[in-house]
Protein chains: 2
Amino acid sequence: MNHLYRCQPLTRVVSDSDSVRRQNRALVLSTLRRQGPLARTNLAAETGLSHASITAIGQDMLAQGILAEMRDEPDPARLRGRPAVRVGFNRTAGCVALVELEVNRAQFSLVDYGGTLIDRFELAVAPDEFKRTTPAEFLVRHLTLFRERNRREMKALLYIAVSVQGILDRDGRHLRWSPIVHMADRPFADDIAQAFGVPVSLHKRGRLLAEGSRWLDPKLQDASVATVFVGSTVAMGLTFRGDAVGRGNGGATEFGHMIHLPGGALCRCGARGCIEAYAADYAVLRTAYSVPETAPPAASVPASQYEGLIARAEAGDRATLHAFNLAGRAIGYGLSRVISLVDATHVRILGPGARAYHLMRAEIETALSASLVGRVAGLPEVVAQVDEKEAVFRGLMMKILQQLDEEHFAFLPHAAATA
Amino acid sequence: MNHLYRCQPLTRVVSDSDSVRRQNRALVLSTLRRQGPLARTNLAAETGLSHASITAIGQDMLAQGILAEMRDEPDPARLRGRPAVRVGFNRTAGCVALVELEVNRAQFSLVDYGGTLIDRFELAVAPDEFKRTTPAEFLVRHLTLFRERNRREMKALLYIAVSVQGILDRDGRHLRWSPIVHMADRPFADDIAQAFGVPVSLHKRGRLLAEGSRWLDPKLQDASVATVFVGSTVAMGLTFRGDAVGRGNGGATEFGHMIHLPGGALCRCGARGCIEAYAADYAVLRTAYSVPETAPPAASVPASQYEGLIARAEAGDRATLHAFNLAGRAIGYGLSRVISLVDATHVRILGPGARAYHLMRAEIETALSASLVGRVAGLPEVVAQVDEKEAVFRGLMMKILQQLDEEHFAFLPHAAATA
DNA sequence: GCATTATTTTCGATGCTCGAAAAAAGAACT
DNA sequence: AGTTCTTTTTTCGAGCATCGAAAATAATGC
């Protein structure tokens, strides 16, 4: 007898009429999330559900205040017949607060269930900010501003999500290390959750970058993408073909601190030879001015200074060109190692470093071609694009809204309608 | 209006009573696959389905010949009450042919639907085998032997699966590169499929290694594991925590040809600096005898010679110790790069190289500790284990049987029973 | 005011699960 | 041998969500 089969399946669970209903509700929500408001007929066509089911599900969700009819627009393109009534998200169903916490900047956004921005502010974060105050205090203080300025909306707050930089604990609730000084090992998720009475989750910025890029660029929808941020740090997110956006626990990498050359240049993290220690702004600056690679990294490099380096390289300055070459080499071999492990057909380079892509491109391509996978499977398509903020925000927002769709609103029992 | 949401979900599909039944049938099959034959009562408990549903599903599948009652065993442990009748796979429901095609060896196994080995043979593959014959001819010729020796079983052949070494096309039906000479770019899957009238699939050996290890070691069931083969090649498979075995398109890597040192030692693949060019048997041999690292690799290294190297290193020979140190360094930094990208909590080292683990261990641990992730997230647990053949076979067999469960037998409409 | 047309709802049938009760198949006891 | 007890397995009716077809709805065009 060979029942030596001991492997666990992924928590697979019994299917019944309840799970059918939940799944089809989620299907409707996810379709609306992607396509925007739709007439019931179109919704039936897009989801593959019958008209009868769409009617039933729609009635439920309208009664529950999850969806709303958009009766306003007259739609002049229509000729005859009963006019279509489009249904979309009920924007008053709730809202979420989104925080992007970065090395020297924080942005707070309040977004309703339909994905419309309600309120937003941005502020500079001093390098010693978290020496004076705890991360929890800092976040609660600013989130309270939302409460004061948007009383009505904040009554329906459903979720708070924070984008962070650094290494998260396996359970995703705790920052083990962060380039933001005094940030790691000072848990704040639970404190904030308690203060606002809603769940709080942490998300790695590099990963959101990847998911956001995918939402923003239709071409990446069904591709395996490595999204690389190059700026004051170097980060990467991965998304895989066939994965639904926002799904899968993969995708969070520590690309910037992958070791490029053992015993090499000194990195801000303290290790030697990280990709970041060759490709981040401080690394290029260091090399361009022939500072030894073992010298401690500059605390921060102003955008203007980085632009200056690009200009010098473009003007033909040998040392600066060399610095960008080393950066390209580090990124290129890093990417070649990535594609040796996972199948990435597209690469997006985002952030300030994308402005210098033309200075690094040759080295990146050489490095990619140097490995077997690059030669055999073909080189990925690399595209540089400077703005990364929109991608992070979009990634965070869509991830949270989709999560609410699937884990909260798809679940509500229809009995709630009659109560 | 912001319906700039264009991202595709993973082919999500309408759920109805049909998909409920399919999913629950799959749940039953997967439970039996893991646990072996079970009484209906236990099956209900394990799956979470009601007794009524187990009866219904069981009757269907018995009538369809997918399951069978095991009425034989008396089970003396029982005291009173109606005796339990265990149900298990109907071994005559079909069988699959499994081929492990390796650089100098091929093994053909015939396995029934219950996972019992029916027939097997192994043969040496000459280095010039595929100069003289095509891969398709070779495989058809030997698979025909099964047909002659197992007429009855082969009438119910359902599937042929081949484990290969090398880089597969994105659709997985075509070998783009292989260490087996003259193997790549000579497609054979379709020819064999035609000759035997069943589907044929190709599987990357490194990945099967990982899945097989997971079946064989209960400890790895719910872990993220990197399984490294060290021998005449260097290969790695990844399995992720939460993945069902056999699921997910991830897992196939080209670790051996990940570049360790740009411009470094010459690899069999023609590139410079691959991990394999430092850690495979031929690389250790080359370094141990102080042959320049740019010298062409030996075509093959007999097992006895590799054992001799280990003995020399154990005896304290400096050059050989150095060779194993370099190998450990390459593997260690490779692993450190892997854990910078994906979360791997466990590492298994399989193959002949596992015999030399004690000679490489210090270098591996040093390299892992050198990176930020290693320091912050903690080092993975590394265990060496020599035999890799069982893992490859088990991985291949379970993958195919599970696939049949989910994609074939879970699907059969119950109407087929009455026809 | 009536025909036309496209959208949406209603209605009856089907298929699946579930809980509870009934049936089945032995062991134990008298 | 017959009765009681225990455990496994099946049967039965209710509940629910889907679907296709038919009916109802709400406009336009003539």
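Reader: What does Ala327(A) touch, not counting residues up to four places away in sequence?
Author: Ala327(A) touches Tyr278(A), Ala279(A), Ala283(A), Val284(A) and Met360(A). Two residues are in contact if their C-beta atoms, placed from the backbone, lie within 7 Å. This is a predicted model: local features need pLDDT of at least 70, side-chain atom pairs count only at pLDDT 80 or more, and totals for chains, interfaces and linings use all residues. Residues are numbered from 1 along each chain as its sequence is written, while chains are lettered from A and ligands numbered from 1 in the order in which they are written.

Reader: How many residues are in the largest nonpolar core?
Author: That core has 244 residues. Those with the most contacts inside it include Ala327(A) and Ala327(B). A nonpolar core is a set of buried Ala, Val, Leu, Ile, Met, Phe, Trp, Tyr and Cys residues joined through C-beta atoms within 7 Å. Buried means that 20 or more other C-beta atoms lie within 10 Å of the residue's own, exposed means 12 or fewer, and partly exposed is in between, with C-beta atoms placed from the backbone.

Reader: Is Leu335(A) buried or exposed?
Author: Leu335(A) counts as buried because it has 27 C-beta neighbours inside 10 Å. It sits in helix α12 (residues 318-341) of chain A. Helices (H or I, at least four residues) and strands (E, at least two) are DSSP runs, numbered from the N terminus. Leaving aside neighbours within four places in sequence, Leu335(A) is in contact with Ala226(A), Val347(A), Ile364(A) and Leu368(A).

Reader: OK, strands. How many residues of β4 in chain B are buried?
Author: Seven of the seven residues in β4(B), 95-101, are buried. Cys95(B), Ala97(B), Val99(B) and Leu101(B) point one way, and Val96(B), Leu98(B) and Glu100(B) point the other way.

Reader: Why two ways?
Author: Because in a regular strand the side chains alternate between the two faces of the sheet.

Reader: Which strands does β4(B) pair with?
Author: One partner is β5 (residues 105-112) of chain B, antiparallel, over seven bridges. A hairpin of three residues joins these two strands, and Ala97(B) stands opposite Leu110(B). Another partner is β7 (residues 157-164) of chain B, parallel, over six bridges; there Val99(B) has Val162(B) as its bridge partner. Two strands pair if DSSP finds at least two bridges between them.

Reader: And chain A, what is the order of the three strands in the open sheet?
Author: The order is β1-β3-β2, with antiparallel pairing. The edge strands are β1 (38-39) and β2 (67-70), each of which pairs on one side only. Two bridges join β1(A) to β3 (residues 86-89) of chain A, and Leu38(A) has Val87(A) as its bridge partner.

Reader: What is the phi of Asp185(A)?
Author: Asp185(A) has a positive phi of about 60° although it is not a glycine. Most residues other than glycine have a negative phi, and most peptide bonds are trans. Asp185(A) lies in the loop between β9 (175-177) and α7 (189-196) of chain A. With 10 C-beta neighbours inside 10 Å, Asp185(A) counts as exposed.

Reader: Last one: what is the mean pLDDT of chain A?
Author: The mean is 91, and 92% of the residues reach 70 or more. pLDDT is the predictor's confidence in each residue, from 0 to 100. Over residues 1-10 of chain A the pLDDT is below 50, and this stretch has 26 contacts in the model beyond near neighbours in sequence. Residues 415-419 of chain A are also below 50, with four such contacts. Where pLDDT is low, the predicted coordinates should not be read in detail.
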